[in-house]
Amino acid sequence: MRLLFSLLTSLIFIISCQSEDSSSFLEKKTRKKIIPIETLMITKKEIPLTVQEKGQAEAPDRFELAAPEGGGKVAQIFVEIGQTVAEGDPLIRFDDEELKLKLDLARSQIDEAEAGLEDARYKERNRQRLLEALSLTEAESEGLEEKIAHFEAQLNRAKNEVELFEKQLQNIQVTSPISGIVTKRSVTVGTPVEKAEKLLEVIRISPIWFTFSVPLEVVGAFEKGNLVTIRIPELENRELSGEVLVVGAEASTEGRVQIKLSIPNENILLKSGMGGEVVHRTSLKKTIMTIPEKALIRTERSTYVYKVIGERVKKAAVKIEEGQNNEVTLTRGLSEGDLIAISNIEELKNGAMVEITTASRE
């Protein structure tokens, strides 16, 4: 009996020791899982509203040179594609030899028609006397009205041609009506051209327009005469300044209003078709919530933070807009008053126990 009692006592002692060791182990293990963190409470703040919108440069004016009404042949070309021209500079000269021949022919047709018309009218006025004198036959007498009509039509046609050819001779050399740059040229010297055929194009480049659109709610930040900054990627993000020329009177179906800037461009840096971004700091205010970059966990599929709920953290997916000064703007996923972890992020897991060491407000 004494032996049995001794064995039972020893067994109870061993179990008690093991229980204490197990309890101590679990306690130590639990303590290791409590991660100290700094937190930040999400708050709202007002900041000046900066409008950032994409737009494009465009020529305010263009001149398309077309072949003359009667066609012709190009005798001389004074410009190349990409060349700048001033108002009044020569562009093209047409060959005038064929035109002069046409003009001479039209003038001789006028003389011929006038002589024929004068003779027919004389005979028509003196028809009876000429018939009696046998100077006019009955057949000739009956055809006088047709002759008069024929010569009148010939005279009118020849006069119109003379007027046209003289006008073309005056415009045998075409000059540019605007200052700009030659952007198209589809003709060479000696090439015959057809009526109204497009030969070259000049576009005005200074000032140049820049057009973009903004949401209706911020259109009040743009007034005619305001200076607006644009950034041009093709010019190594160079910033240019333009004056608001036009603010659209109506919004599009998407609720946007078109705005047009006038930008000085004497050095021809900005070309028609170049894209750019408007960066305009306005007097309007907008309410935002920001979070520090260091609080974010970015993956290929999502971006999230650790939201503190009681003594644990939980993953919260967020939508953000890139910002500056190591902060991003929060657009969705958290609310004002939420608490997030901003330290030891790499140690945290969903549901981890935490201990707040420092709490701050934005």
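Which side chains meet in a salt bridge at 2.9 Å, N to O, with Glu201 as one partner? The structure is a predicted model, in which local features require pLDDT of at least 70 and side-chain atom pairs are counted only at pLDDT 80 or more, whereas totals for chains, interfaces and linings use all residues. Residues are numbered from 1 along each chain as its sequence is written, and side-chain values use heavy atoms, with hydrogens and water left out.

The partner of Glu201 is Arg62, and the N to O distance of this salt bridge is 2.9 Å. Glu201 belongs to strand β10 and Arg62 to strand β3, so the pair ties together parts that are 139 residues apart in sequence. Strands (E, at least two residues) and helices (H or I, at least four) are DSSP runs numbered from the N terminus. Glu201 is buried, at 5% relative accessibility, while Arg62 is partly exposed, at 43%. Here, buried denotes under 20% relative accessible area, exposed over 50%, and partly exposed the range in between, for a 1.4 Å probe and protein chains only.

A salt bridge is assigned when a side-chain nitrogen of Lys or Arg lies within 4 Å of a carboxyl oxygen of Asp or Glu. Under this rule, 14 salt bridges are counted. Because Asp61 is placed in the loop between β2 (45-58) and β3 (62-66), and Arg204 in the loop between β10 (198-203) and β11 (208-215), the pair ties together parts that are 143 residues apart in sequence. Both residues are partly exposed, Asp61 with a relative accessible area of 30% and Arg204 at 25% relative accessibility.

A further salt bridge links Arg298 to Glu293, the closest N and O atoms being 2.9 Å apart. Arg298 is partly exposed at 40% relative accessibility, as is Glu293 at 31%.

Helix packing was examined for α2 (residues 97-125) and α5 (residues 144-170), which pack at an angle of about 155 degrees with their axes 8 Å apart. The helices are therefore roughly antiparallel, a class that covers angles over 145 degrees, with under 35 counted as roughly parallel, 65 to 115 as roughly perpendicular and the rest as oblique. Axes are lines fitted to C-alpha atoms over the stretch in contact, and angles between N-to-C directions run from 0 to 180 degrees.
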